[in-house]
Amino acid sequence: MQVSSLNEVKIYSLSAGRSLPEWLSDRKKRALQKKDVDIRRRIELIQDFEMPTVSTKIKVSRDGQYVMAVGTYKPRVRCFDTYQLSQKFERCLDSEVVTFEILSDDYSKIVFLQCDRFVEFHSQHGHYYRTRIPKFGRDFSYHYPSCDLYFVGASSEVYRLNLEQGRFLNSLQTDASESNICDINPVHFLFAMGTAEGKVECWDPRTRNRVGLLDCALSSVTADTEIDGLPSISALKFDGALNMAVGTSTGQVLLYDLRSSNPLIVKDHHYGLPIKSIQFQHQLDSIISADSRIIKMWNKDTGKILTSMEPECDINDVCLYPNSGMLMTANEAPKMNIYYIPVLGPAPKWCSFLDNLTEELEENPESTVYDDYKFVTRKDLENLGLSHLIGSSLLRAYMHGFFMDIRLYHKAKMMANPFAYEEYRREKIRQKIEETRAQRVQLKKLPKVNKELALKLIEEEGEEQQVTRKRKQKNLPSLLKDDRFKVMFENPDYQVDEQSEEFRLLNPLVSKISEKRKRKLKILEELEAQEQEEEEEPEGKASDAESSESSDDEKGWVEEVRKQRKLLRQEEKVKRQERFKEDQQTLLKPHFFEIKEGEEFRSFKDSAKKQKLMKKTLEDRLKLEEKLGTLNVSDTTVGSKQATFKLKKSEQQKKQQEAEKQHRQERKTLRRSASHLKSKRGRGRLFH
């Protein structure tokens, strides 16, 4: 069981861990459980709670006893009995299921909408009836008072199928080109459908007239959102008689009060993915919305995130078990995830042992995996001299760095800096001494880091105190005494570099003001030196310095900026001259290149020619090859073109071919001479 925590909300993943294959025998499964600790410790809440490849939809029956899921491959539906913690039955279907609905309290009446326009009805024993709708369906809802099924899909019409009469009724004609989702309010049975144009149409089933229209696409676009196209409606859910949540294809969730056309709150998932599911949780007044990547739980009044879950695989559907803190998901993976969140509510009665288990885990918290590992960046590895370990099993890549064993890290650090502990010990002793000194009555001592900044703050505080005394206002807290800015006057890494270009251009008059502060600093340093020599703390205050400061008018500021820019240009000019002298002093050394055996040296012009040739288009290169004779293009009888290429030969191959040619010619001449001699001899015999 995997435990995660976000915003102090514990989430227990009950499906985490390795699963055993189905084809293993019981004997082998028991043997594996004895050997493997991870398999022994895993919690299998419902046995074989998975699909062969992918699960698309998951729902719970109204009595809470059965969990039904559909998936592939092959298309099938599986029913799990929570009282037996195992699978009840499995039925294979002819085509994939788009969505389904459980009409009865248990599994005895189910309706499946399939991807090939068929609507299939199942009873307790199995398949019951099958019919077809005119257009491809995407969703449907069941109207309990009239026993009507409302189908929406790739059409402007909403098809109605009456299950009592067993026939189709007159369709509802809408203004939308296509519809994606629909839902019926459980209190007053208002029918709502989300269109591809980003609108929600509300219809009264009694009069079969449209009673409302919401433009959600316009309301979902705020100042913070970035969208690429027109948002369409991808999720819809009613809560009570007056609230309705709408999810868009661009990742926004809008909460509406049916009495208003403006949304109460707009929540963005910031992933740009379509919202797959929306669930209301009444115990915390929260909404659970999910896209294919993340599940977010947020407050419906403020929009503040309570917690979130990000599974390893994409999410297809989310189901909240009623009156409990259990959450089930259908994923793009064989295993269906089960999460238990104690904040949402207690565990269901069929798995009440989860409450005791989670309480024991909270009483005895275990150390997380990351306590045994240290996160290091590439720079840290270079400082420790361990950059050669990148790619090995000792380093595990994560985000912008690596995880390494904490023991290896401590050993490497001791090797790199053996006196680190001594320095740490001295620093701790110095801090303890400074803490004891702070208890004594002493002069106003400036910090070691950013002394001028501290002096400036002290002067400004003195002026503010005088102003507040006159106006009888409360004194503001000091930055020097604030713990949030304490490190700025202790850590030397925060020292202000007054010689940098940015500081000199942004603060051109600091140099004039800092001269007066430097005088004060000298006086304070002299007093501190006297204090250390005499080892006594004299009473009184530091010598008074000039308190008046020159007024910073625009003219003086502009002149000072010009001076600083002139100084910066002069410094850059001096640096350029020094670099030029260094370049003149350096001598150019010749570079030697080694040529492979069997290759002859050619001029560098060949490489330049090759580079020019590679820059040309394919058409130009083919024309050049035709001129050289290495390419021959001819028309075939069918009407297509045939191109033959001749490979370029190296110098060695050319020499070898010439030698073979000479050898063949020599053999021909020898054969001719031999045949000539034979013919002469034959003639001589005839004459004899």
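I counted two rings of Phe, Tyr or Trp (its six-membered ring) as a pair if their centres lie within 6.5 Å; planes under 30 degrees apart are stacked, over 60 edge-to-face, and the rest tilted. The model is predicted, so I kept local features only at pLDDT of at least 70 and side-chain atom pairs only at pLDDT 80 or more, while totals for chains, interfaces and linings use all residues. I number residues from 1 along each chain as its sequence is written, and side-chain values use heavy atoms, with hydrogens and water left out.

Entry one: ring pairs. I found 11 aromatic pairs by this rule. Tyr321 and Trp350 are edge-to-face, because their centres are 5.9 Å apart and their planes stand at 65°. Tyr321 is in the loop between β27 (315-320) and β28 (326-331), and Trp350, 29 residues away, is in the loop between β29 (337-340) and α4 (353-363). I took strands as DSSP runs of E (at least two residues) and helices as runs of H or I (at least four), numbered from the N terminus.

Entry two: burial. I call a residue buried under 20% relative accessible area, exposed over 50% and partly exposed in between (1.4 Å probe, protein chains only). Tyr321 is buried at 8%, and Trp350 is buried at 9%.

Phe375 and Phe403 are edge-to-face, at 5.6 Å between centres and 70° between planes. Phe375 is in β30 (residues 373-376) and Phe403 in β32 (residues 401-405), so the pair ties together parts 28 residues apart in sequence. Phe375 is partly exposed at 28%; Phe403 is buried at 15%.
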